[in-house]
Structure formats: structure tokens, C-alpha cells
Amino acid sequence: MAGELPSLPFPDGSFDLTLVSYFLFAYQERLTCEFHRDSILELMRVTRSEACIYPTITFEAQPSQYIPLPRSDPALQHFQFTELKTDFEFLMNSNSFLRVWPRLNAALQWPKE
Ligand SMILES: C[S@@+](CC[C@H](N)C(=O)[O-])C[C@H]1O[C@@H](n2cnc3c(N)ncnc32)[C@H](O)[C@@H]1O
């Protein structure tokens with residue numbers, strides 16, 4: 001079934017893991033901060049465990065200006081965020097991704113940072 005962020009046609013908790021590749025953060029010049037916030041909320045609505053958003057840079061190979069926002073936006077306070085390095089580098093500098101998971105379950109699912 002196809003869908004489009006920021007509104008997906010799936011029930012709550014449909015997926016164990018949700019992956020985003022070259023959409024959020026990459027298109028920051030076209031997609032607003034609010035779009036990113038609403039999309040992360042929607043991804044986490046349909047996700048039981050975690051979402052990974054790759055990469056954390058733009059198509060100009062610059063760090064996305066939106067990366068700090070998830071941690072400071074009150075609407076996303078129920079989630080934890082960590083930016084992780086990866087050996088995979090599809091385009092230049094695209095060697096990190098953002099992992100998102102529910103704050104309440106963090107102690108059960110992930111080692112402490
Ligand atoms: C650069 S491509 C990345 C494709 C694939 N994820 C990859 O990594 O190879 C960007 C993708 O975003 C999709 N897209 C555009 N608007 C979208 C939206 N509102 N929600 C979800 N995907 C969208 C496009 O259809 C396109 O496939």
C-alpha cells in the first residue's frame with residue numbers, strides 16, 4: 001500500500017522498524033520544519049520500535065539544519081533521538097542516520113547513551 005508523509009494509511013504500531021532513505025532532511029530546502037516534525041510523529045505512530053532516517057545531510061552534502069529540531073520540539077518530547085555514524089556512504093558525507101525511538105520504552109530497548 002502506498003502513502004505519503006506526513007499522513008500514512010497504516011494503523012498505529014503497524015511496523016517494528018521504519019526506514020526513511022533520502023527524503024527527510026535531504027530535501028530540507030523544499031520541506032518545512034513543520035513537515036519534518038509531522039512526518040516524524042507520523043512515522044512513530046505507525047512504528048512499534050524505532051525509525052531510522054538516512055542520511056542526516058542535504059543533497060548538497062551539508063548537515064541538515066533540521067537535525068537539532070527533533071530534540072527541542074515539544075511535540076516530539078515523547079521520543080529519543082540519536083545520530084549514528086555508519087560505514088555506508090551512498091553520496092558524499094552521507095554516513096550518518098537519525099535513530100528515533102519512544103522515550104518510555106528506551107530503557108527496555110536500547111543501551112543507555
Ligand atoms: C531521492 S528519492 C529516494 C528513493 C529511495 N527512498 C532511495 O533511497 O533510493 C525520494 C523519494 O521520496 C518520495 N516521496 C516524495 N514525496 C513523498 C512524501 N510526501 N512521502 C513519502 N515519500 C515521498 C519520492 O517518491 C521518491 O521516491
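Around the ligand you'll find Glu4, Leu5, Ser21, Tyr22 and Phe23. That shell splits into 3 nonpolar residues, 1 polar and 1 charged. Keep in mind that this is a predicted model, with a mean pLDDT of 92 for the protein.

- Of the protein's residues, 92% reach a pLDDT of 70 or more.

**Helix α1**
- Helix α1 runs over residues 33–45, which makes 13 residues.
- From first C-alpha to last, α1 reaches 18 Å, close to the 18 Å expected at 1.5 Å a residue.
- The buried residues in α1 are His36, Ser39, Ile40, Leu43 and Met44.
- Look down the axis of α1 and those buried residues fall within an arc of 130°, so they line one face of the helix.
- What sits over them? The cover for the buried residues of α1 includes the strands β1 (15–21), β2 (47–54), β3 (79–85) and β4 (96–102), along with α2 (69–72).

**Thr18, in strand β1**
- Thr18 belongs to strand β1, and it counts as buried because 21 other C-beta atoms lie within 10 Å.
- Setting aside neighbours within four places in sequence, Thr18 is in contact with Leu43, Val46, Thr47 and Ala51; one of these, Leu43, is among the buried residues of α1.
- Thr18 and Arg99 are 81 residues apart along the chain, yet their C-alpha atoms are separated by 10.0 Å.

**The loop between β1 and α1**
- Leu24 lies in this loop, and with 24 other C-beta atoms within 10 Å, Leu24 is buried.
- If you skip residues up to four places away in sequence, Leu24 touches His36, Ser39 and Ile53. His36 and Ser39 are both buried residues of α1.
- Leu24 and Ile40 are 16 residues apart in sequence, and 9.0 Å separates them in space, C-alpha to C-alpha.
- Phe25 is in the loop between β1 and α1 too, and Phe25 has a positive phi of about 70° despite not being a glycine.
- Is Phe25 buried or exposed? Phe25 counts as buried, since it has 23 C-beta neighbours inside 10 Å.

**The loop between β2 and α2**
- Ala61 sits in this loop, and here's another residue that isn't a glycine but has a positive phi, again about 70°.
- Ala61 counts as exposed, because it has 11 C-beta neighbours inside 10 Å.
- Pro55 is also placed in the loop between β2 and α2, and the peptide bond leading from Tyr54 to Pro55 is cis, with omega near -10°.

**The segment before β1**
- Pro6 is found in the segment before β1.
- The peptide bond from Leu5 to Pro6 is cis, with omega near 15°.
- Leu5 brings you back to the ligand, as one of the residues surrounding it.

Key:
Residues are numbered from 1 along each chain as its sequence is written. This is a predicted model: local features need pLDDT of at least 70, side-chain atom pairs count only at pLDDT 80 or more; totals for chains, interfaces and linings use all residues. Helices (H or I, at least four residues) and strands (E, at least two) are DSSP runs, numbered from the N terminus. The expected span of a helix is 1.5 Å times one less than its number of residues. A residue is buried if 20 or more other C-beta atoms lie within 10 Å of its own, exposed if 12 or fewer, and partly exposed in between; C-beta atoms are placed from the backbone. The arc is that of the directions from the helix axis to the C-beta atoms. Two residues are in contact if their C-beta atoms, placed from the backbone, lie within 7 Å. A residue is near a molecule or strand if its C-beta atom, placed from the backbone, lies within 6 Å of it. Ala, Val, Leu, Ile, Met, Phe, Trp, Tyr, Cys and Pro count as nonpolar, Asp, Glu, Lys and Arg as charged, and the others, Gly among them, as polar. pLDDT is the predictor's confidence in each residue, from 0 to 100.
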